[in-house]
Amino acid sequence: MQLFALLFDTALKSVLIVMLAYFLAFVLRKYSAAARYAVWAAAVLVIAVLPACSLLVPYWNDTIAQPAIRIAAGSSHLISQLSQEAGMTVQASTRNQRISPAAIGLLLWLIGSMTSAVVMLVGSVRLGIAVRRAIPTDDAGCKAALSEVATLLRVRKPVRLLRSHDITMPLTWGVRHPDILLPAASEEWTPGRVRIVLGHELAHISRHDWMVQVVAEVVRMIHWFNPFVWFACRTLRFEAERACDDAVLNLGTAGTEYAAELLDVARIAQKPDRIWLPALPMARHSNLERRFIAMLNPTQDRRGLTARQLVFTALAGIAVLLPIAALPFPAQVALVPGQILGTVYDANGVKVPNATVIVHSAATGNRDMTVTNNTGDFSFSSLEAGHYSVEVLSTNFAGLKIKEVRVEPNQTVPLNTMVIHQDDSSSPGVSDSEFPRLRMGGNTLSSLLMQQVKPIYPPAAKAARIQGVVVLEAVIGRDGTLQTLRVLNPDTNPDLARAAVEAVSKWRYKPSVVDGVPAEVLTNVTVNFAFSK
């Protein structure tokens, strides 16, 4: 499954990115929190765009497609290379209907991601309600402090200052038109506390922290199963708060004063929000102790990042992203399916339409069937890596079987297949195996039918009002599954023939037994495509 393979690939690569970010943050442990925040922000953003880059960037040492296999049966005539304009046909599968481990894993991932998405949606709705109910502050002192601190932190965009009864902790949200929400109790705050709180929140705005944090939450929603991503997002938020603390201290606030005010703000919030909000609260109870230690350390580096350092961080992130995106993990590559495509010709090099092509997996026993289109082209996608046999059946032509075709992960195997005219002495009713083959039909065979899949009218044929009958020669195996299907009227519409083969190939019968010996059954199946009057 392509989605599961991409998810698995991204999860493994994200572990490398988080480990690299942790190493860089450790090296920068004596530098400012702003520097470490830039490292973790770059790591999270790289993880966010990693799936797209993994699809677009070619793998290192990626194997090229295998050369075309050319078959000459009773003739030295070699068929020309597969046309690059080969059409695609729809694949019909008769494999057992069992749930693969990849499908189970994808389902579990989807449940976890949807749960996280619901939590984010609920938080967004709560915040939206709080903003709509909030009242713009008309306090002249708060407005003056907002203007002063915004100028010092070089925040040029307009910022709304709101008060809300729905929150207990100051918080910031928004990008183009950011808002700072203060609790209703802020009306009793001293000018010094107001300046500290506004300095902290405006520091978030100056670095566009809200946008980065939202991206981090989306990444965590997708990678909810990955503890490394959780660690990266938690560390990112912590370093963001520490960087804002440094910005407030750089405004001239003493460390002891700031710590005291921050502790009071946290103490006032007796009931901290436990539901996620898409905003940046000022004081989370879980990280206050570490922040107090940092803000009371007089030797701590509190410098912010310059524009040159931000550009360097962005370029470093790109330099890390591209090689990791191009790194092929063996487990991931094994999950990416391969495909077989090709064209069926006759001995004169003329393309043969309505020929049934069957691929059989030697490992699983699964059979996939399809029918060539008007130009003789066929395709099988989503094939697991392994050894396959390919069989071609068509009326007026001898059956052709290629016993060994190797399909590698994430690889296309082009086949140029040639079929020769059928000899008069050939008899389709003779079995190649040691077990007998019976010809059966009518009510006797109908009574053995256990599973019947109704054919789906092809949309293109339906739109063009094309009707017709498809007659199939079917060989039912000793286990009751369809082994081969041959179109007996090759002049029928290829879309109708393909739809018929896709449906009939999924039929299941009770095994036929003759004198205690399992037997194959040869029969004809007629599929009628007609519009109801």
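Q: Which residue just after α7 takes a positive phi?
A: Happy to start here: this is a predicted model, where local features need pLDDT of at least 70, side-chain atom pairs count only at pLDDT 80 or more, and totals for chains, interfaces and linings use all residues. Residues are numbered from 1 along each chain as its sequence is written, and side-chain values use heavy atoms, with hydrogens and water left out. Helices (H or I, at least four residues) and strands (E, at least two) are DSSP runs, numbered from the N terminus. Just after α7, the residue with a positive phi, of about 110°, is Gly252.

Q: How far apart are the end C-alpha atoms of helix α7?
A: The expected span is 1.5 Å times one less than the number of residues. For the 24 residues of α7 (residues 227-250) that should give 34 Å, and the model agrees, with its end C-alpha atoms apart by 34 Å.

Q: How many of the nine residues of strand β17 are buried?
A: Buried means under 20% relative accessible area, exposed over 50%, and partly exposed in between (1.4 Å probe, protein chains only). Strand β17 (residues 468-476) is largely enclosed by the rest of the structure, because the number of its nine residues that are buried is seven.

Q: What is the bridge partner of Glu473 in β21?
A: Two strands pair if DSSP finds at least two bridges between them. β17 and β21 (residues 517-529) run antiparallel and are joined by nine bridges. In β21, the partner of Glu473 is Asn524.
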